[in-house]
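Let's take a walk through this fold, one contact at a time.

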Amino acid sequence: MSGVRSFFAGTDPCWLTPATKQPVLRAEVSVDSADPLADTVRAELDLLRQAAGAADAAPDGVREILLCTLDRLGRTPVGRDLADAVHAAVPRAGLGAEGFVVVRRGERLVIAAGAGRGLLYGWYHLLRQAAPLAATTGADHTEAHRPACAVRMVNQWDNMAVHPVMGSVERGYAGRSFFYRDGRVVADLSRVRDYARLLASVGINALSVNNVNVHATETRLLTDHLPDLARIADVLREHGITTYLSVSYAAPIELGGLDTADPREQRVARWWAEAVERVYSAIPDLGGFVVKADSENRPGPFTYGADHADGANLLARALRPHGGTVYWRCFVYDCHQDWRDRSTDRARAAYDHFVPLDGRFDDNVVLQVKYGPLDFQVREAVSPLIGALRHTRVALELQITQEYTGQQRHICYLGPLWTEILGFDTTGAGGPTIGDIASGRAGRPTGGVVAVSNVGDDANWTGHKLAQANLFAYGRLAWDPLASPDEVLAEWARATFAVDAATLAELTALMSGSLRTYEKYTAPLGVGFMVTPHTHYGPSVNGYEYSPWGTYHFADRDGVGVDRTVASGSGYTAQYPEPLASRYEDPASCPDELLLFFHHVPYSHVLRSGRTVIQHIYDTHFDGCDEVEDLVRRWSAIADRFDAATRRNVDERLAEQLRCAREWRDQVNTYFFRMSGVPDAEGRTIHR
Ligand code: GCU
């Protein structure tokens, strides 16, 4: 690779716009040419030179910038003092393969790292600051960074062939896949390259490139499409991103013509060993596989009376000689449940299936666990499985795509949700947090963090321009689970929009509480769902009530909520350790926002807040809708300071958000009024 690369031709560069704002006169890089990322780091600096070619350095600005691996520092003309300062800035624990230091003394600034990957992350760190380096770093400045989680993965849910129900990207709200078209990998991967740059710029280092629901066409990524998969991997590798592949558990049958995929059969193991051998000869640094097995009608080891340790280890053993890992999803539950059967509780399923197997998984198996026991709801309990697995590598699974949080038509900044999950104390008594477990600080084996992507071929990547913030925030929080979601949001806004500070402050203020606004006008108090079946957009209070999917609210004329207690319900609360289990078991100590997740209570039940459940439902639905009206007003007041595309996009989506929020408010309020017969204490309009 040589010369200046172009990026984002015809697409939105998101937060990667500010190279032009860096008045740097000289930029050099010193990294071993054999380093896999050397060319990419050089290309980044070429971009800078091109953009800043004519710029004058601000009087107190950085005139020279050097990106240098630590081992080469002595060979550069950086000067003894600065070199010493760089070495002194390296934390005692070192920088690892991905960490970096930034040291500025006057007009000179050095980014140093152990390898090219760290240099690239350090470079993007500066780029994300958006303002000229002088304004952000100060004349005498030192900082050191190292990612908390070793694996920071994104899962594409892209289908190669458009699925009749799920479309091009399953749960995709930003157009079609830009990886695949008409059952093939696209010929021109420049958009994938732009995406790789976006991902790397927020520290993502792994990407699974196809939907976890692997249909017939995608199964052939293991065979016919392998050369194309290798092309994708080549492009991702340039930005330090490791490729993973979602595979079908039944591939030995579908591709190999075997009559079984029984994990205990030698011929099945042999088939996988050979398939994996072929894949690695095309992509020697493949990260491994992602597997959705025995989940929502996908094939899996249960068919053969085997369990998920047998299934996961089968693939792990095929991957082991090549250094690969299997990310095995724990989203295993009965989606053919009879709603009349009150003894089955979907929330229990993942824990019940996987905890008894803890300790039986090979060490190149990672169990990938959704943050909640149900399915990416705006509010649900944090999964007890993550804390319970002591002897198995675990990865936290988040969802950037807003399947249940407004589908990129509503403003819903997810940073605060993820921060809450990452900070969740798994014992309730100073035990490790989810973030501690994901980052390895808990001293347990870890697989990092994974999240479902929210991008498609829309010009602005995410459908809603402001949904870009969620992709940005995921990367930043995976790098640093302790980062403040508001600061991350502010960083995103500064890097994305060329508007004044007051406008930025107003934009971030209106986005920062949008998650809680969304929660207010949708399903109340953690009860979840109430969405239109299948599309999962907009209200349908009873949409799933008599369905086989296991997501019920059990509202009747007396009360609402799911009894998950040991005393009288499904016993789910016992999956948590003490004192959490007791806290959730007792409605008096259960947090209000999760009350209906754990308990079935009368409408007259008084919350810890002092309000009755029914009045809380009315209040939050009126408030939530008012807050959306407020969002519209506040956005209108600043909209004309943004570019036309952003203005149009946000205007249009806010109008839809308001329409939808009103629908939620009225359907939910009317439903509960009809059920309970209790009027709103404030006499607001509830349709009958
Ligand atoms: C949700 C979603 C599905 C998806 C599944 C999964 O249920 O609605 O589209 O396939 O999650 O995570 O596997």
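Before we look at any helix pair, a word on angles: an axis here is a line fitted to C-alpha atoms, for helices over the stretch in contact, and angles run from 0 to 180 degrees between N-to-C directions. Bear in mind too that this is a predicted model.

Start with the barrel. Eight strands close up in the order S6-S11-S12-S13-S14-S15-S16-S17, and the pairing is parallel. On average, and ignoring direction, neighbouring strands of this sheet are turned by 25° against each other. As a reminder, strands of a sheet pair through backbone hydrogen bonds, either parallel or antiparallel.

S14 (residues 325-329) pairs with S15 (residues 365-370) in the parallel sense, over 4 bridges.

Over residues 142-461 the chain is 27% helix and 18% strand, with the end C-alpha atoms 34 Å apart.

Next, move along to helix H15 (residues 468-479), and begin with its contact with H13 (residues 415-422): the two axes come within 10 Å and cross at roughly 25°. Angles under 35 degrees count as roughly parallel, so that is the label for H13 and H15. The crossing of H13 past H15 is right-handed. Which residues do the touching? From H13 they are Gly415, Trp418, Thr419 and Leu422, and they meet Asn470, Ala473, Tyr474 and Leu477 of H15. Sorted by class, this contact has 5 nonpolar and 3 polar residues, and no charged ones.

H15 also packs against H16 (residues 485-496), at an angle of about 125° and with the axes 10 Å apart. These two helices are therefore oblique to each other, and H15 passes H16 in a right-handed crossing. On the H15 side, look for Gln468, Ala469, Phe472, Ala473 and Arg476; they meet Val488, Leu489, Glu491, Trp492 and Thr496 in H16. The residues of this contact divide into 6 nonpolar, 2 polar and 2 charged. Ala473 is worth a click, as it is listed in the contact with H13 and in the contact with H16.

Note on methods: Residues are numbered from 1 along each chain as its sequence is written. This is a predicted model: local features need pLDDT of at least 70, side-chain atom pairs count only at pLDDT 80 or more; totals for chains, interfaces and linings use all residues. Side-chain values use heavy atoms; hydrogens and water are left out. Angles under 35 degrees count as roughly parallel, over 145 as roughly antiparallel, 65 to 115 as roughly perpendicular and the rest as oblique. A crossing is left-handed if the near helix is turned anticlockwise from the far one by less than a right angle, and right-handed if clockwise. Contact means heavy atoms within 4.5 Å. Ala, Val, Leu, Ile, Met, Phe, Trp, Tyr, Cys and Pro count as nonpolar, Asp, Glu, Lys and Arg as charged, and the others, Gly among them, as polar. Two strands pair if DSSP finds at least two bridges between them.
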